Amino acid sequence: MASIRHGGGVGDRSPRVRWNPPEFPLRAAAEDILRDCVRELGLAGIVHDLHVSIDLGNRDDHAYIEWNTHDHCAARLSFAVGNFVTRDRRRAWARTWGRRAGLPPLMPRQFSPRSFAEACLHELSHIKDDHEAGVDLSSCPEADREAFNELWNVWIDGRLHRRGLPSMTRGERRRVYARTLKHIPGYASRGERIFRALWSADHLRPAELRAYLDELRAGGTAARGAARHRTTRTARSAR
């Protein structure tokens with residue numbers, strides 16, 4: 001898969017991409033996918049600088065993005081090295097390298113464009129939602145951020161899935177959602193309904209996302225049209 005789709009077009013402005021480590025062996029192929037994802041989400045010309053950090057010691061698929069909520073020109077993406085290979089490869093690493101010292105070999109033929117596109121599209125969708133709808137984590141109390149972020153993750157993956165783009169499947173996202181939110185008192189009675197609503201939603205405002213969390217926490221239906229004020233400058237979202 002050379003690209004995720006025929007996105008972009010004449011006049012698109014690709015961001016400058018800086019890698020850490022700069023000699024990452026999958027950099028060339030991965031950067032093509034990253035730029036393709038920027039175009040696919042309509043962020044070309046909005047995001048000008050991307051700093052990409054690779055955690056070579058993490059064979060999982062953790063990823064997160066950080067950006068300034070008042071200026072979307074730059075973002076920092078961090079990826080565990082498992083994002084660059086298939087799920088089967090990650091499982092094989094766990095079996096053969098789980099108890100070994102050092103890192104498994106990483107060769108260009110192991111690169112999975114789809115796996116990396118899934119991670120890029122998801123993380124970049126966070127900054128797209130902030131740019132277009134003002135959704136971010138900065139106004140949430142620290143204690144609410146993990147739960148709010150997971151509601152946001154469901155909404156993102158549902159939209160990507162409906163567009164036919166690389167994303168977590170419904171079942172995969174559902175398992176992460178349950179693992180993250182099952183401790184909240186209202187989860188047992190309302191968690192599944194809220195998951196279905198988020199997975200199928202196209203347009204949500206920040207107050208609507210917050211209302212779903214309030215509904216889980218308090219058991220009531222919060223006002224959906226409440227205003228929201230952002231008080232800090234940096235947002236960080238993870239999948």
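Axes here are lines fitted to C-alpha atoms, for helices over the stretch in contact, and angles run from 0 to 180 degrees between N-to-C directions. The structure is a predicted model, in which local features need pLDDT of at least 70 and side-chain atom pairs count only at pLDDT 80 or more, while totals for chains, interfaces and linings use all residues. Residues are numbered from 1 along each chain as its sequence is written, and side-chain values use heavy atoms, with hydrogens and water left out.

**Exercise 1.** Describe how helix α1 packs on helix α3.

*Solution.* 
Step 1. Two packed helices are described by the angle between their axes and the distance between the axes.
Step 2. Helices (H or I, at least four residues) and strands (E, at least two) are DSSP runs, numbered from the N terminus. Helix α1 covers residues 27–40, and helix α3 covers residues 113–133.
Step 3. The axes of α1 and α3 come within 9 Å and cross at roughly 40 degrees. Therefore α1 is oblique to α3. The classes are: under 35 degrees roughly parallel, over 145 roughly antiparallel, 65 to 115 roughly perpendicular, and the rest oblique.
Step 4. The crossing of α1 and α3 is right-handed. A crossing is right-handed if the near helix is turned clockwise from the far one by less than a right angle, and left-handed if anticlockwise.
Step 5. Contact means heavy atoms within 4.5 Å. On α1 the contact is made by A30, I33, L34, C37, V38 and E40, and on α3 by P113, F116, A117, C120, L121 and L124.
Step 6. These residues divide into 11 nonpolar, no polar and 1 charged. Ala, Val, Leu, Ile, Met, Phe, Trp, Tyr, Cys and Pro count as nonpolar, Asp, Glu, Lys and Arg as charged, and the others, Gly among them, as polar.

**Exercise 2.** Describe the packing of helix α4 and helix α5 in the same way.

*Solution.* 
Step 1. Helix α4 (residues 145–162) and helix α5 (residues 170–181) have axes 10 Å apart, at an angle of about 165 degrees. Therefore α4 is roughly antiparallel to α5.
Step 2. The crossing of α4 and α5 is left-handed.
Step 3. Helix α4 brings E146, A147, E150, L151, N153, V154 and D157 to the contact, and α5 brings R173, V176, Y177, T180 and L181.
Step 4. The contact of α4 with α5 holds 6 nonpolar, 2 polar and 4 charged residues.

**Exercise 3.** Is S125 buried or exposed, and which residues does S125 contact beyond its neighbours within four places in sequence?

*Solution.* 
Step 1. Buried means under 20% relative accessible area, exposed over 50%, and partly exposed in between (1.4 Å probe, protein chains only).
Step 2. S125, in helix α3, has 4% relative accessibility and counts as buried.
Step 3. Beyond those neighbours, S125 is in contact with L41, I156 and L160.
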